[in-house]
Amino acid sequence: MRSLISVVAAVTALLAGCSHTPGAPSLVGTVPFRVDGLTFVDVTINGVKATLVLDTGAPGIMLDPGIAATAGLRTGEGRADSIRMGDVLLRDVAVRVRAFGALNDSTSGGPPILGVIGTSFLGRYVARFDFAAGQLTLFDPASFRYEGPGAILPIRFKQEKPLVTAMIERDGAPPVEARLFIDAGTESAPITLTPVFARTAGIGTDGTRFVEIAGGRGLHGTGMDRITRVPVVTVGALRLAQPLVTVSAAAGAALQHLDADGTIGMGVLSRTTMILDYSRSRVILEPSTSFAAPFTFANVSGLQLQRRGRALLVRHVIRGSAADSAGIRVDDEIAAIDDEPPPSTPVLAPLRDAGTTHRLTLRRAGETRTVTVLLRELI
């Protein structure tokens with residue numbers, strides 16, 4: 001994809017870890033974003049405002065048909081006259097139209113996804129994601145120099161996606177090498193593995209400790225995912241202690257033709273400042289102050305929920321969880337939590353703290369009943 005970039009920002013100071021050749025300013029522009037599971041950025045497409053996802057695992061710029069039609073774009077592939085994000089303006093931009101409905105069902109609880117901005121845009125620059133500050137800074141690759149403390153990871157590409165090598169330690173077995181995509185489009189899982197690789201490596205298989213959940217948002221479908229832990233994952237000079245690992249059928253479908261074993265997702269990337277320097281075939285990860293924090297499985301109730309009209313229904317109950325012990329079933333309606341109406345989203349703030357006890361009022365087959373749940377860590 002070729003785009004003409006209007007540079008409207010000048011270099012006023014050097015950013016930490018980055019420098020530029022004297023007389024040749026390297027700063028192209030800055031783009032604010034927010035992290036809500038994924039990395040969301042506000043854009044204007046042909047004058048139409050939209051919120052898209054910055055996704056290192058996507059090859060191009062893709063829009064949902066609804067927002068594409070509003071912006072005057074036809075189905076299939078076309079070109080947008082302009083896309084503005086932050087102080088960066090793109091002209092005559094190649095855009096693909098693709099349905100994102102599978103990512104926006106009521107089970108997610110996250111913001112709707114109307115499109116993604118992928119490597120055909122990010123790969124033209126050195127792209128610095130400061131997740132703590134919520135800012136993407138774009139540099140001219142020709143004049144960019146890196147002098148910071150980050151771990152420099154060599155990458156290779158499969159269908160424009162950046163692939164790194166990691167070593168995964170296993171209980172009672174030698175470490176195993178894994179080829180993982182740097183994927184800012186993987187929402188919360190630190191590490192996601194395909195079922196084929198996990199089965200071969202003995203990770204998350206029967207006989208090991210895992211929890212099973214209904215799969216989350218994915219363009220390649222959903223199924224039952226298994227979440228487990230491994231002792232250590234090493235990526236370059238970075239060491240992830242006791243990370244959560246998701247074994248996902250959807251990841252298997254997405255990566256089956258790409259010579260990859262899984263992904264490094266936002267559960268790791270959001271703990272860093274990430275610098276994508278595709279022109280030099282490298283990704284640089286600078287650990288933030290939260291990098292060494294324990295990896296926790298947030299669901300301590302065992303409930304996965306969905307909206308159906310105004311009703312908040314149980315989509316899945318994790319086996320062995322607090323909800324399972326209380327006898328909650330799939331399709332039960334959550335009518336109240338501690339005698340208060342439930343929140344308007346499937347993310348239930350009152351049910352987040354392990355060790356607390358709550359009263360849930362349920363509706364099942366026309367009857368109302370009350371159960372007590374004692375929240376606890378699952379893995």
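Let me start with two strands, E30, residues 357–364, and E31, residues 367–374: they run antiparallel and are joined by eight bridges. Keep in mind that this is a predicted model. E30 and E31 make a hairpin, with two residues between them.

Next, the open sheet. Six strands form it, and from one side to the other the order is E3, E12, E11, E25, E26, E14, with antiparallel pairing. Which strands stand at the edges? They are E3, at 27–32, and E14, at 151–154. Each of them has a single partner strand, so one side of each is left without a neighbour in the sheet. On average, and ignoring direction, neighbouring strands in this sheet are turned by 15 degrees against each other.

The partner of E3 is E12, residues 135–139; five bridges join the two, which run antiparallel. Within that pairing, Gly 29 stands opposite Leu 138 in E12.

Last, the empty space inside. Rolling a probe the size of a water molecule over the atoms shows where such space is left. In this structure there are two cavities of 30 Å³ or more. The largest cavity has a volume of about 50 Å³. What lines the largest cavity? The residues are Val 235, Leu 238, Leu 240, Ile 264, Val 268, Leu 285 and Phe 291. By class, that lining has seven nonpolar residues, no polar ones and no charged ones.

Conventions. Residues numbered from 1 in each chain as written. Predicted model: local features only at pLDDT ≥ 70, side-chain atom pairs only at ≥ 80, totals over all residues. Heavy atoms only, no water. Pairing = 2+ DSSP bridges. Helix = DSSP H or I, 4+ residues; strand = E, 2+ residues; numbered from the N terminus. Axes fitted to C-alpha atoms, helices over the stretch in contact; angles between N-to-C directions. 1 Å grid on protein atoms, 1.4 Å probe; cavity = no way out; pocket = protein on both sides within 12 Å on 5 of 7 lines; lining within 4 Å. Points joined across faces, edges and corners; volume = space filled by probe spheres on them. Nonpolar A, V, L, I, M, F, W, Y, C, P; charged D, E, K, R; others polar.
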